[in-house]
Amino acid sequence: MEERLVETKQLDNMIELEIYDQSRQVAGDRWRVTLVVKARVPVEKRFFKDEGQDSPDIADMQNVLGDHVTFEQRRERNFVDENEKDEMWRAIYDQFAESTLGYIAHPDFPMKLILREYKEYLAKRGRCGKL
């Protein structure tokens, strides 16, 4: 699948957001218009507030998850006329920026993403623990 990096944004919460266009022709003059947003979040202590005894074990999370976790969101529109594909991609981008960008840019987003991935891993492995 071909993707074209359109934009990179450095968010205030220290996350770099990459915005891609993965649109492709599907039939004749019809396109599948696709916006993909990716953010690599390093698994680091700096994203966790000092919670004393309740603070998660960063070393265990790094061992389980690796150096980073990835957030990815895809938005698509199918069977778009070739003459309208650029305008449609921009509309999808604008809707993403209005509805989701604030969520990703929130100061707690990195911590919540890391914890969610970690909890999912533990649940799959049948491990329980207080987080």
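This is a predicted model: local features need pLDDT of at least 70, side-chain atom pairs count only at pLDDT 80 or more; totals for chains, interfaces and linings use all residues.
Me: Let's start with the helices. At what angle do helix 1 and helix 4 cross?
Reply: The axes of helix 1, residues 58-65, and helix 4, residues 109-125, cross at roughly 70° and come within 10 Å of each other. An angle from 65 to 115 degrees counts as roughly perpendicular, and helix 1 and helix 4 are therefore roughly perpendicular to each other.

Me: Left-handed or right-handed?
Reply: The crossing of helix 1 and helix 4 is left-handed.

Me: Which residues of helix 1 and helix 4 meet there?
Reply: From helix 1 there are Asp60, Met61, Val64 and Leu65, and these meet Ile114, Leu115, Glu117, Tyr118 and Tyr121 of helix 4. By class, that contact of helix 1 with helix 4 has seven nonpolar residues, two charged residues and no polar ones.

Me: What does Glu117 touch, leaving aside its neighbours within four places in sequence?
Reply: With those neighbours left aside, Glu117 is in contact with Leu65 and Val69. There is also a polar contact of 3.4 Å that joins the side chain of Glu117 to the side chain of Arg116.

Me: Changing topic, where does Thr100 lie?
Reply: Thr100 is in the loop between helix 2, residues 85-99, and helix 3, residues 101-105.

Me: Why does Thr100 count as buried?
Reply: Buried means under 20% relative accessible area, and Thr100 counts as buried because its relative accessibility is 9%.

Me: And which side chain does the Thr100 side chain make a polar contact with?
Reply: The partner is the side chain of Arg75, and the polar contact between the side chains of Thr100 and Arg75 is 2.6 Å. If neighbours within four places in sequence are left aside, Thr100 is in contact with Gln73 and Arg75.

Me: What about Ile92, what is it in contact with?
Reply: Ile92 lies in helix 2, and with its neighbours within four places in sequence left aside, Ile92 is in contact with Val33, Leu35, Arg75, Glu76 and Arg77. Ile92 counts as buried, at 2% relative accessibility.

Me: How far apart are the C-alpha atoms of Ile92 and Ile114?
Reply: The C-alpha atoms of Ile92 and Ile114 are separated by 27 Å, and these two residues are 22 residues apart along the chain.

Me: Now Gln22. Where is it found, and buried or exposed?
Reply: Gln22 is found in the loop between strand 2 and strand 3, the latter being residues 24-27, and with a relative accessible area of 6%, Gln22 is buried. The side chain of Gln22 makes a polar contact of 2.8 Å with the side chain of Arg74.

Me: How many residues apart along the chain are Lys9 and Trp89?
Reply: They are 80 residues apart along the chain, and the C-alpha atoms of Lys9 and Trp89 are separated by 18 Å.

Me: Last topic, backbone angles. What is phi of Met14?
Reply: Phi of Met14 is near 75°, which is a positive value in a residue other than glycine. Most residues other than glycine have a negative phi. Met14 has its place in the loop between strand 1, residues 4-10, and strand 2, residues 16-21, and Met14 is partly exposed, with a relative accessible area of 45%.

Me: And what is the phi of Phe79?
Reply: Phe79 has a positive phi of about 60°, although Phe79 is not a glycine. The place of Phe79 is in strand 5, residues 68-81, and at 54% relative accessibility Phe79 counts as exposed.

Technical notes: Residues are numbered from 1 along each chain as its sequence is written. Side-chain values use heavy atoms; hydrogens and water are left out. Axes are lines fitted to C-alpha atoms, for helices over the stretch in contact, and angles run from 0 to 180 degrees between N-to-C directions. Helices (H or I, at least four residues) and strands (E, at least two) are DSSP runs, numbered from the N terminus. Angles under 35 degrees count as roughly parallel, over 145 as roughly antiparallel, 65 to 115 as roughly perpendicular and the rest as oblique. A crossing is left-handed if the near helix is turned anticlockwise from the far one by less than a right angle, and right-handed if clockwise. Contact means heavy atoms within 4.5 Å. Ala, Val, Leu, Ile, Met, Phe, Trp, Tyr, Cys and Pro count as nonpolar, Asp, Glu, Lys and Arg as charged, and the others, Gly among them, as polar. Buried means under 20% relative accessible area, exposed over 50%, partly exposed in between (1.4 Å probe, protein chains only). A polar contact is a pair of N or O atoms within 3.5 Å; within protein, one must be able to donate a hydrogen and the other to accept it, and residues adjacent in sequence count only if both atoms are side-chain atoms.
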